[in-house]
Every structure is written in structure tokens, then in C-alpha cells.
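This note sets out several points for the attention of a colleague examining the coordinates. The points are grouped by topic.

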Amino acid sequence: MSTLDRRLLLFAAFGLLALIGASVAAADELADGLASARPVLSRYCVDCHSGDAAEGDVDLAGLTDLASFRRQPRLVQRIEELVVSEQMPPPDADQPKAVEREALGGWLRTFLTAEAQSHAGDPGRVVLRRLNNAEYTYTIRDLTGVVALDPAQEFPADGGAGEGFTNTGQSLVMSPALFAKYLAAAKEIAAHAVLLPDGIAFSTGTTRPDKVAEWLGKLKAFYARFTRPLGAAARAEQVTVKQGIRLDLGSDGFLPVEPYLQATLDLKAKADIDAAAIAALANDRGLSPKYLTTLWRTLSAADTGSSLLDHFRGRWREATAADADAIAAEISRWQDALWKFNAVGQVGRHLGRQDGPASWQEPVSPVEQGQEFPLPILPAWERHSRPFSEFRELFPKAVCYARIVPVDEVVTLNLFYREDDQLSRLMLDASGLAELDQLWDELLFVAREPLALEAAFEQLEGYVTQDRQDLVSSFTPMRPTITGRASAFRQRLSESEPLHLDAVVAFAGRAFRRPLTTSEENRLRSLYEALRGDSLSHEEAIRTLVAHLLVAPAFLYKLETPGAGSEPQRLSASEVATRLSYFLWSSLPDADLLAAAERGQLDDPVMIRSQVRRMLAAPKSRRLAEQFGLQWLHVSGFSSLDEKNADTFPTFAGLRADMEEETVRFLDDFFRNDRSILSLIDADHTFLNERLAAHYEIEGVTGNAWRRVEGVRRHGRGSILGLATTLSTQSGASRTSPILRGNWLYETILGEKLPRPPKDVPLLAETVPADLTERQLIALHSEHDACGRCHRRIDPYGFALETFDAIGRHRTVDAGGEPLDTRATLPDGTTLDGHQSLRDYLIGPRREQVVRVFCRKLLGYALGRGLQLSDEPLLTEMLGQLAANDYRISVAIEAIVTSPQFTSVRGRDTAEDDS
């Protein structure tokens, strides 16, 4: 039994007797209250809301006794909202006296509170949920490791439901047309699969040349971590032109002497130099700890009698940190004298060739070549060997042939060429060597290099036999090696096939977000055999399996299996992991979360909280800002918003992406750094680059880089109320809209509800008439008899934000040049005057409501359903915990993910209700 189950059982045991007694008393009290409330409903509401012609399809005639009220809790909630907010009865109908309205509202609240408590913790009815477009895209990217994939770009847009989010089951329907798109996307994704020696991976490309180029890029990136390219002058010396073709001996992969020398000179100035200090400095500067250690020990050692190295030891001892360049330049001159480079296209010793160069980089002797260097007088044999060889051991000119694909001969013997012995010897530790070997193995496997070389050699051999008899003796000895490698590779391809199938089975477990059952694995392996039996190649069969998995219900849907009975059932560990990952990351669980599930740790609330903290700290938590945050604020897709008048606001289109990025970064910082929910309203920081700072008239921000900027409250920023996204979205094409802004704040931030506007209300002009101010235009509209009741609720909030124009810039006059009037009085008598007074009001008198509505939205997003009456006690509990903990967002998230609603599912025999 899990910790949570034990906690629930103890709670139930201690409270059972009290609940039995209390429930009887509560029922009697509710029945007595209904006797007083029901006549008010009958007198003022039932006439219009009953029978076949019930207005708004709301029929109150059936609400006759306590049992009938309990059968329709959603309807009762709606009645309570409308009665308390005085939206009903409508203005042209008879109105209840204040005492009647209060009595009815009071009883409805009492009834709803009792009902909520009696069903508290109910997991609710969660409709089968497929992955929405964003979840599908993120899941594919995380599953394949290819962040460039955008498989849902041709899918129809998702709709919102529940609490207004696109991850709600009711909105995630599946049609034949949509399934066809999923199938097409699955086939396209499968085309990115790459067969590796020991498994499968995914590439950004779909053709073999694309995949080979990607693995070449990985190998070149590895080499680049340890090397440097030649300068422009030296690079030019490596290039020749033969038969009109530009040939390059290679200008990458060279030893970066200067930064290592600089590091040793910096170390020399320190005390207590040990291996750990050298490694720390190397890692800090992106250098090889192994080579830096070797160089330090060589240069700091006593002279050994090796004249050339002793010469540089002497220079190094006398040098300061400023001398690194000069010493490196002298070492470079010696490197040029002691090494030369050959055309890799003619290097064939590794393939059995008996003549031609043995390697790309070849040692030479300056003495034999007659070069003059200021060496001490030594015996002739030592001048020819010892000083030079010891220098070369420490300072090779190049450490690897980083070009990999040679282009230094018109006809080449090598499709890919590996020469990195100096890099391996001087710079790589065991893990680096293993990584390098793996990259080479994968490259040759993906390119099928032994087979390609065999085919190329056969063509080249035919040419030599017919037209270049002088080269036959060079080429003939290579045939056994080349054909032997090809034969061995064919055998390896065959032996790797079971490994690829095993990899697809493992891929299926990750895709399904749970361990496969034995029958599922057997079916997958049988399908592979059937595909091979239908004459598909191994590679085609593997890709078909991948596509099959990506349209399986276990992948496309977040499946949860309820147990028998009507009582709530604890979700399986993998199902809890899936809920967690799609809540916080909009994607599948990672290896760490799945391992925690497998160990049974997700039954423990303490371990769940630990995982939440880890997940929120990860870069993928940005998706919570993008998916929950932007939808909550109604600014999803803002970067493509094209509803502004380009003549009036010519800078808007170029700033949309920056405006959206500011919002995402502000919200990401909120979640990642566990900030107070109140900071959403009244923070004193935001995130800016130079372009957006200029738009906001905030000085001191230069460059394209994003940064956190403090002290922005005085500019009206640092709040969701001061974001250009929210201000622009809730405005018109050419002017501001206090109505839109007020309605957004009233409904989105405060959670209030308004009736639909009358159909016959005329639309406001997009441009303000010359004889009116913007505010006067709004006043004329709001004075309409059918509109005034609602506009008195919402317009004051919008007027308070009039210091911002229609694209979020600060202003002091309206579009017509008239002074702004931001004063307004709310229905509760509060006077607002500008955005700061609105902030103060929201985190002051309306604090609890703002926080509760935010928590309601977050809970609805986490559960993927609309909230129900039985969720209200959890919201109340969350508010208490938040108030005691500075309203930190982690408190709300942890309360959600450890709640019965999140970790449980209704039993499959639970009767459907209206909760």
C-alpha cells in the first residue's frame, strides 16, 4: 500500500464516525434552507426557465427537492454565479429584494460547499485524450532527438475546452482525415531513422547522403573541440589546382599551441599546483586536461639534455603571461620545419598498397633538407633524431585529419580517411577515445563505406588496367584488403539486424511510455517477420515498424486503465509519470522519471515532489510557459498575429516574435525559479533585448541577447498587465480597446463570467471620430441599455490600462492627441487611476480571487479536464498552503501532483454524473 493510500485510509478512518453524524445534520439543515430558497427561484426564475421554451436551455422546473439539486451540481453552480453577480434576473424582469437574493445565494453556497466536501478528491471523468499538436511535436522531438522535426505543421489546429486549454479530452477528437495525416507524418518520421551498428537513431535528413553528412558533421565537431584551423595565409599554401580542379591538403585539425602555452604560464603564477588545479583550468578554458598536464610537466621539468626542448624550457621559465604568442610563433616555425603533408588521396598503406605515402602528416628532418637552425653542437646522429623526435612527440603540427573526406587528388583511394593517432595519444582520455571510435564506426556503417569503396575500387581498377599500366603494381595489392573489408561488412550487416529489431522494441516502450507486454513485443517481432516475408528489405521493414508504432493508440493517446468497481483507483506508476511529464514538459517521461516509476517511487509524495523540482529545473520546463502560460493569457500564436494596421503601427510586425519571447521568458522564470504567484501581477523585472527595450523606452539594454532587467515597474512593466502581448491582443487593429482589455482581466484574471452580448449592439468604429475622444467613444457604446450592466463591470479595468497604446507602448495622450483619462470606479466603489492602482487592487482586495482563479486554471491544465464541484476543496486547500508559503508556485504544483485527482482515476463502474 502506497504512502498516499495509507494517508487516505487513516483520514477516512478517523473521520468516518464524525462524517456520519455530521452528514445527517447537514442534510436536515440543507432541506430546511431549501424550503426558504425554492420559493424565490419559483417566483423570479422558473417562469422563463422551464418547459420546452426554457430560455438559454436552462430548465429549473425539475429542481424540486434536495435530491434533484444533487443530480445537477453544474446547473446549481451556474445559478449561484448568476444570482450572486446580479446578472439574473435580467434588468427588465422583476427583481428579488436584497434579503431574498441574499437568502437564495447563501443557501446555494451552503449547498455547493456541502456537495463539494462530500465528493472531495473525486478524480473526475477524464475523456480519452490524444496528444494535442504541441504534445505530439514535442514527443516526436524528444523520442527521436531531432529538434528540427515539425510533424504537426499540416494538422488542423486544436480547439480548447475545459478550462480553456488544448489538452482537454473533449476537444481532442479523431477523424479519418486526421488519422490519415498522422499516418503520413509517421511515415515521414520513420524515413529519418538511421541504422547504426548496435541500434537505431534518427537524423535530420531522410536520404543516405543527408545522414552521412550529419554523421560527418558530428565527427568534425568532435575534432574541432581539440584543434584549430590554419590562418588564411597558411590555408592558402595547402591549396593547389590540378587539371582545373581545386585540391586542398587540409587546413583543419591543427594543434592549438598558444592557448595551452597561455594556460601553463598562468599556472606558473599560482601556488599549490596539482593535477586537480590543472584539470580545473583546462575544463574552464575548453582545453584537454591530458595535454595541458603533459605540457605543464614537460616545460616545468629540469633540462634533460634534449637541446630543442631545453631551449623552449629556458624561454618558458623566463616568460610572463604576455609572452605566450611569441613562444607559440617560434614553436610553429619548428613545426613547419619538422613536418610535411601528403595528399591523402594517394595514401593506401592501410589498404595494402606497397608504395606511395604512408600518412597525411609525415615527419621530416631540417638537417637533411639543409635548413639552418641555431642548435647547439651535437653529435651528427643526435642532430638527426633525438631533439627533433622529442619535439615532435610534444608538438605535432596537426593532431588529426579533420577534413575526413579527402579532396587533394583528382582520383582518390579513400572515401573517408582517419588519421588521429596524435589526438588520441596526446589529448583523449578513455571516454574520449571510446566516443571517437564510436563516431567513426557509426559513420562508416551509415555510409556503408566498405561496400562503397569496393564499388569505387572496381571502377578505378578497370581504368588503371586499361589506361595506366604503370599503376597496376600499386593497385593490385589493395584488392584483398578492400574485398575482405566489404565481405566482413556484409556479414556485420546481417549480424546487426537482430540488434535493430531489439532497438525498435525498446523504442516502442519509450513511445508507449510504459513497458511493453509480452504479447505486444511478440506481435511486433511477428510483424517484422511478416514484412520481411513480403519481400521488404531489412531497412524498409524497420522503418515500417517505426511508422506502425507512431500511429498506435498507445502512442497517440494518453491511455489510462481503470480497475473494476466504482471506487477511485490509483494510477499505475507509468501513468503517473506520463501525467507528470505532459503537465510540466508537454512530452513523454525521460529516463530518470521512468526509472523512478519502475522503482515504485512515484507512489511516494516525497519522491513525486523531488521529481517535480528536477523537472522544473530542466530546460524542457519552458514548455509549461509556452503551453499553459500563453494559452492562459490568450496570447498563443502571438508571433504570427497579423491583425494590426501596418500604416498605423509599422514596427509591430518586426517586434511580434520578441514580444512573445518576453512573455515566455517571464513565465519560464516564474516557474523555474519558484516565484510568487503575486509576482505575475506586480513583479519588478522582465526580460528584454535591445529592440523590445527601445519599444518600451527602457534605456541601458544593447544588443540582441536577452537578459533579465530589474526596476521596470516604474515603466509599467514587470507584470502580465504590462506585456506587449496581452496589451496588443486585447486591442483593436488601429486603437486600444478598454472593453477588450477589461473583459480579459475580468474573465481571465478574476474568473468572473459575463452573459453573451446582445446581438443587435452596433460595433464600435475602428477609428475614433474627430469630435470624440477614445473614452467618449467607449462611453457612448456602454450607455446602450442592453450593455450598461456588463460594461460597468469591465470597462474600469480597461480604462486603467489606457496608458498603453494598441501595441503596448507607453503613452500620455490618446490616438487623437487628447490627454488620457485613466480614472474609473469599480462596482464595489474602488477608484482606479492607472495601471499601478490596478496592480495594487488585484494583489490587495482581490488577492485571494486572483490566486484561486490562477490555481483553477493550472489544475484544469494539469488534469486535462474542466474542473468540477468536487475540486473546490482542493483549491481551498491550495490557497491555504500558498498563503503560508509566500504564494510560491511550487506549492501549488506540488499540491496538484500529489492530489487524488492527479494520481487516481475513477473505477470503470462509476456512474456518470453531472459533477
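Predicted model: local features only at pLDDT ≥ 70, side-chain atom pairs only at ≥ 80, totals over all residues.

1. Tyr136 is buried, since its relative accessibility is 0%. Tyr182 likewise counts as buried, because its relative accessible area is 0%.

2. The ring centres of Tyr136 and Tyr182 lie 5.1 Å apart and the planes stand at 70 degrees, so the arrangement is edge-to-face. Tyr136 sits in helix α5 (residues 133-144) and Tyr182 in helix α6 (residues 176-190), so that the pair links distant parts of the chain, 46 residues apart.

3. A further pair is made by Tyr401 and Tyr417. Their ring centres are 5.7 Å apart with the planes at 70 degrees, and the pair is therefore edge-to-face. Both residues belong to the loop between α15 and α16, so the pair ties together parts that are 16 residues apart in sequence. Tyr401 is buried, with a relative accessibility of 1%, and Tyr417 is buried at 5%.

4. The loop between α15 and α16 also contains Ile404. The phi of Ile404 is near 70 degrees, a positive value in a residue other than glycine. Most residues other than glycine have a negative phi. As its relative accessible area is 0%, Ile404 counts as buried.

5. Val411 is another residue of this loop, which runs between α15 (386-394) and α16 (421-426). Is Val411 buried or partly exposed? Its relative accessibility is 39%, and Val411 therefore counts as partly exposed. Together with Ile245 and Val410, Val411 forms a nonpolar patch on the surface, and the three residues have about 200 Å² of accessible area together.

6. A positive phi is also found at Tyr887, where the value is near 60 degrees in a residue other than glycine. Tyr887 is located in the loop between α37 (872-883) and α38 (889-897). With a relative accessible area of 13%, Tyr887 is buried.

7. How many disulfides does the structure hold? The number is zero. For Cys45, the closest cysteine sulfur is that of Cys48, at 8.6 Å, which is too far for a bond; the cut-off for a disulfide is 2.5 Å. Cys45 is buried, its relative accessible area being 12%. Cys855 is buried as well, because its relative accessibility is 0%.

8. Ser728 is placed in helix α31 (residues 724-729). With a relative accessibility of 1%, Ser728 counts as buried. Which residues does Ser728 contact, leaving aside its neighbours within four places in sequence? They are Phe638, Lys644, Phe652, Ala806, Ile807 and Gly808.

9. For a check of the coordinates, the backbone at Ile404, with phi near 70 degrees, and at Tyr887, with phi near 60 degrees, may be taken together. The loop between α15 and α16 may be read as a unit: it contains buried Tyr401 and buried Ile404, whereas Val411 in this loop is partly exposed.

Key: Residues numbered from 1 in each chain as written. Heavy atoms only, no water. Buried < 20%, exposed > 50% of the residue type's maximum accessible area, 1.4 Å probe, protein only. Helix = DSSP H or I, 4+ residues; strand = E, 2+ residues; numbered from the N terminus. Contact = heavy atoms within 4.5 Å. Patch = residues over 30% accessible without salt bridge, like charges linked within 9 Å, V, L, I, M, F, W, Y side chains within 5 Å. Areas by Shrake-Rupley, 256 points an atom, 1.4 Å probe, with all protein chains shown as cover. Salt bridge = Lys/Arg side-chain N within 4 Å of Asp/Glu carboxyl O. Phe/Tyr/Trp six-rings, centres within 6.5 Å; stacked < 30°, edge-to-face > 60°.
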